[in-house]
Amino acid sequence: MRFLHVLIRIFAIMRKEFIHIRRDPRTLAIVIILPIFQLIIFGYAVTSDVKHLPLAVFDQDRTAASRALIEAYRNSGYFDIAYYVSTHDEIAYLIDAGLARAGLTIPPGYSNRLARREQAEVSFIIDGSDPTIANTALASASAIGQAHGAELLQTALRRGGTLPGLLPGVEVRTRVWYNPNMRSANYMVPALIGLILQTLTALLTAVAIVREREQGTLESLIVTPIRSVELVLGKIVPYVVLAFMDMILILVVGTYWFHVPINGSVTLLLALAALFLMSSLGIGLLVSSAARTQQEAMMMAFFTILPSVFLSGFMFPIASMPPVLQWLSKVIPLTYFLVIDRGIVLKGNGMDILLPQVTMLTVLGVIILSLAVLRFRKRLE
Amino acid sequence: MTDSPIVVEADRLSRRFGPIVAVNELSLTVARGEIFGLIGPDGAGKTTVLRLLAAVMPPSSGQARVLGFDIRHQAERIRQAIGYMPQKFSLYADLTVIENLNFFADLFNVRGARRHQRIAELLAFSRLAEFTERRAAALSGGMQKKLALACALIHNPQVIFLDEPTTGVDPISRREFWDILSSLHVQGATIIVSTPYMDEAERCSRVGLMYEGRIAECDTPDGLRRLTPGELLAVWTPQVMQARRIAAALPGVLEVQTYGDLLHVFVHDAAAIAPQLAQALAAAGVPVTEIKRAQPRVEEAFISLIVGRRAAT
Amino acid sequence: MDAVVTENLTKRFGGFIAVDRVNLRVPIGVIFGFLGPNGSGKTTTIRMLLGLLQPSEGRATILGFDCAAETEAIRRRAGYMSQRFSLYDELTVVENLDFYGHTYGVVGRRLAERKRFILELAGLKGREKELTRNLSGGWKQRLALGVAILHEPQVLFLDEPTAGVDPVSRRQFWELLYTQAAAGVTVFVTTHYMDEAEQCQALAFIHRGKIVAQGSPAEIKAQQMRGQVLEIACQPTAVALPILKGLALFEEVALYGARLHAVAENAAALMPRVEAALTAAGVAVQEITPIPPSLEDVFISRIR
């Protein structure tokens, strides 16, 4: 009987919460529009995809073979052949002026060397001022040129600016795994699942609880027999449901609109997302115990989201961060979940491979959630 | 729950907010079946006392028992047994009347036929039966108060704490509200209510006058009335302000208070001063409709007590 | 010229008529009480007068200026204190005064002068540096009044200025209103306290958007009261109340402080029957007297 009462109370809070959501168009809008908005931003606008980069070509060979190479670049869609030039200096000028982002020089004798089955080299110059684009362009250039000189060029690129590189032009050595076209949508969409789950649950949970305090309804709740844990559970569950709905929404849009293939198990992804939610909900609860107004709650929630965006590997690779930030990224739950959801979606990873991340996520989730529940007091102070 | 005649027992209860002492070593006993009124100026600590007793907020020191349960350690037991209506509207504005009632019925585990009957009763006496589908936000101030009361009563509590339930409500709704409280009282409920309205204090069986975190006086309304200095003369005049100046200057007059076209003059000896006052007013050309001896009300008692205390500090 | 005049002032929200052909006339320099139950249209009327809402029909003027068209002129001459005092909790007393002074274009020496005057008037001297949040209700309310009169308005609108304020503070507040009125300021005030209504020189009762009575307190009591009032002192009142209601002789029976008030056409003639019925039920009757109606009696009889 006691257990039944507990369920009834939790259910009462849940039902009320759903009524709030249904009658508050703003919450509903956040829930539906936010993920779509973020998908569009990260799927299209914040893209490191290389498309139609203006390319300057200095063809000193002028043979069918060299034209075929140029054609191959054009056909790839990554580059537009914007200029045909007749000196190296022209390439340097075009890149300096920003008119071209890359330069391809095909030396005289290219076709002859190919014909003699010798190592034919073309040089490829890339504007490294935007390293992300440069990296991708490089990879594309290499892939297109079917060469293995990428490493050499990258070494050169690290010094920044406009640098020449060497592109041996015969053997296909470079291959990109998992995301052969290097489409950032494939990389971003699964990551978005993590970010949106966190934003939504942390923000909405915090706001939903603080609203009770701000509007004085918490005082009425306090004098009812409901326990803190029941209240927390009842408040959380609706937002978990919303979060999962959003997750499915992202997966559907990702699959059918951005054509992101899901290589792994969707069930595993959902299960581990639930694990991840423990820490996001904990963050939301912690925020709610500190904030007095909904506005404060929102600002605090965003404050927790920012480091997640920048330090979790969502935007920038962790490996290239300074050691302090790398260390910091280890206590951010999203760091682990990103490895998990990218792993499942892109690589088809299973539990065996993801075990270290799952373990860390569990540890972090338990710590954050227990802290939050301990701090949450069903009393006025 | 005990059957002890004592419902509330507070012993040197204190509550501090940082440097501010909201409730200062307050001791109080309320017996079963009382309507106990807490009155006092703003910031005297009325809301905090009610919150402490309803176990909504922990005390800084001291202790109190409600129905025999300790407010620190048995908060859950107290919550099951009492009804509490906070001062601020604390229902869900986007939920309808019936949704709010059902919600609290769920939380208090009032189910089945019992819930059905209880909600019907509450809707009937609060006269909200025809508004069940209306959202709380769309109710008038008086109706919101009645809905809040109905929600606080869903589990049939024997002790009811009400924090300024009629503030900002029009006189008709106030009357209705007090009619409801009277009928609850007749049914045996113990009611502890704070109010800024002195006419409401008159309806209580006992009144505690709070001042600076303590109960300065605690008595029946009759007892409080006797605390006013001397005797009271009521003077009706169209020129109140002028009459007031004249009365205040008269020897033997302790205090003068104005109420609309009515002047209350506290004197040592009403029989002796009444003619002198009439004469003084006539001499100044102030028309007087009537002068007679009157019973002081709680309001007069309240004002002279507060004014006296403020003067003393 | 009058301070406030409305002609068939009407406001509709969708199908709901919040204010229905209201005609008011408030002479300059009086304290005018605007009474009515919650939701009867008081606040809506004030908002139209201040040009915050556009009337659906009819017109209103303040000191001859059209409320809908000449809002600038009106705002310079009118002060407004809303139900929830619009003060900034995080600012100190003086900072609030400074802020509102600047928004009304009161600056420099005039602002300094006004601030000194207001701090003195509201008894806020010595609390200039205190955060508004830490002020108790009575202080806040007097500060809000101070803010409303900072720019020396000729007409002052107060929407339930004393709700929830204790009697001592309410008194002090009304003393302030008297000094304002004495200085020629017209005070337009809404209240739920009938003792405050008694202190107004002119009153209007609004009910469901319509004016149901208008005049001085004495006029209203003399003209508007349907029937007489019996005041009954007895014990216990909770038992007596349902008995009297059960007699079905009275239009209205209600607790009035510790006593009962019963209203009927020829109440005095009913006294013996009342006494008999109460005594029979075991109620100890101390006194039954016909009394002049209070404004609260009138209010309730007009609006029921």
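Two residues are taken to be in contact if their C-beta atoms, placed from the backbone, lie within 7 Å. By this criterion chain A and chain C do not touch, and their nearest C-alpha atoms are 14 Å apart.

The structure is a predicted model, in which local features need pLDDT of at least 70 and side-chain atom pairs count only at pLDDT 80 or more, whereas totals for chains, interfaces and linings use all residues. Residues are numbered from 1 along each chain as its sequence is written, while chains are lettered from A and ligands numbered from 1 in the order in which they are written.

Chain A has 15 helices and six strands; helices (H or I, at least four residues) and strands (E, at least two) are DSSP runs, numbered from the N terminus. Of the 381 residues in chain A, 43% are buried. A residue counts as buried if 20 or more other C-beta atoms lie within 10 Å of its own, as exposed if 12 or fewer do, and as partly exposed in between, with C-beta atoms placed from the backbone. Among the contacts in chain A with a separation of 6 or more, 76% join residues 24 or more positions apart.

The interface of chain A with chain B brings 20 residues of chain A into contact with 24 residues of chain B. On the chain A side, α1 (2-23) and α9 (217-222) each supply at least two residues. The largest share, eight residues, comes from α1(A). By residue class, the side of chain A that touches chain B divides into eight nonpolar, six polar and six charged residues. Here Ala, Val, Leu, Ile, Met, Phe, Trp, Tyr, Cys and Pro count as nonpolar, Asp, Glu, Lys and Arg as charged, and the others, Gly among them, as polar.

In chain B, the domain assignment gives domain 1 (6-225) and domain 2 (231-295), with bounds that come from an automatic or database domain assignment. The C-alpha centres of domain 1 and domain 2 of chain B lie 39 Å apart.

Helix α3 (residues 97-107) of chain B is mostly covered, with nine of its eleven residues buried. These buried residues are V97(B), N100(B), L101(B), N102(B), F103(B), F104(B), A105(B), D106(B) and L107(B). What covers them includes α1 of chain A, together with α4 (112-125) and α5 (141-152) of chain B.

Several residues of chain B have a positive phi. Just after α3(B), N109(B) takes a positive phi of about 55°. N156(B) has a positive phi of about 55° although it is not a glycine; N156(B) is found in the loop between α5 and β7 (159-163) of chain B. With 15 C-beta neighbours inside 10 Å, N156(B) counts as partly exposed. E212(B), also not a glycine, has a positive phi near 50° and is found in the loop between β9 (206-211) and β10 (214-219) of chain B. E212(B) is partly exposed, because 16 other C-beta atoms lie within 10 Å.

Chain C comprises eleven helices and 14 strands. The C-alpha trace of chain C spans about 75 × 45 × 35 Å along its principal axes. Buried residues make up 49% of the 304 residues in chain C, and residues 24 or more positions apart account for 69% of the contacts in chain C with a separation of 6 or more.

Within chain C, the axes of helix α5 (residues 137-148) and helix α6 (residues 167-182) come within 10 Å and cross at roughly 15°. Axes are lines fitted to C-alpha atoms, for helices over the stretch in contact, and angles run from 0 to 180 degrees between N-to-C directions. α5(C) and α6(C) are therefore roughly parallel to each other, a term that covers angles under 35 degrees. The contact is made by G137(C), G138(C), Q141(C), R142(C) and L145(C) of α5(C) and by S169(C), Q172(C), F173(C) and L176(C) of α6(C). The residues of this contact divide into three nonpolar, five polar and one charged.

A further local feature of chain C is the cis peptide bond that joins Q235(C) and P236(C), with omega about -10°. P236(C) is placed in the loop between β11 (228-235) and α9 (237-247) of chain C.

Conventions. Parallel < 35°, antiparallel > 145°, perpendicular 65-115°, else oblique.
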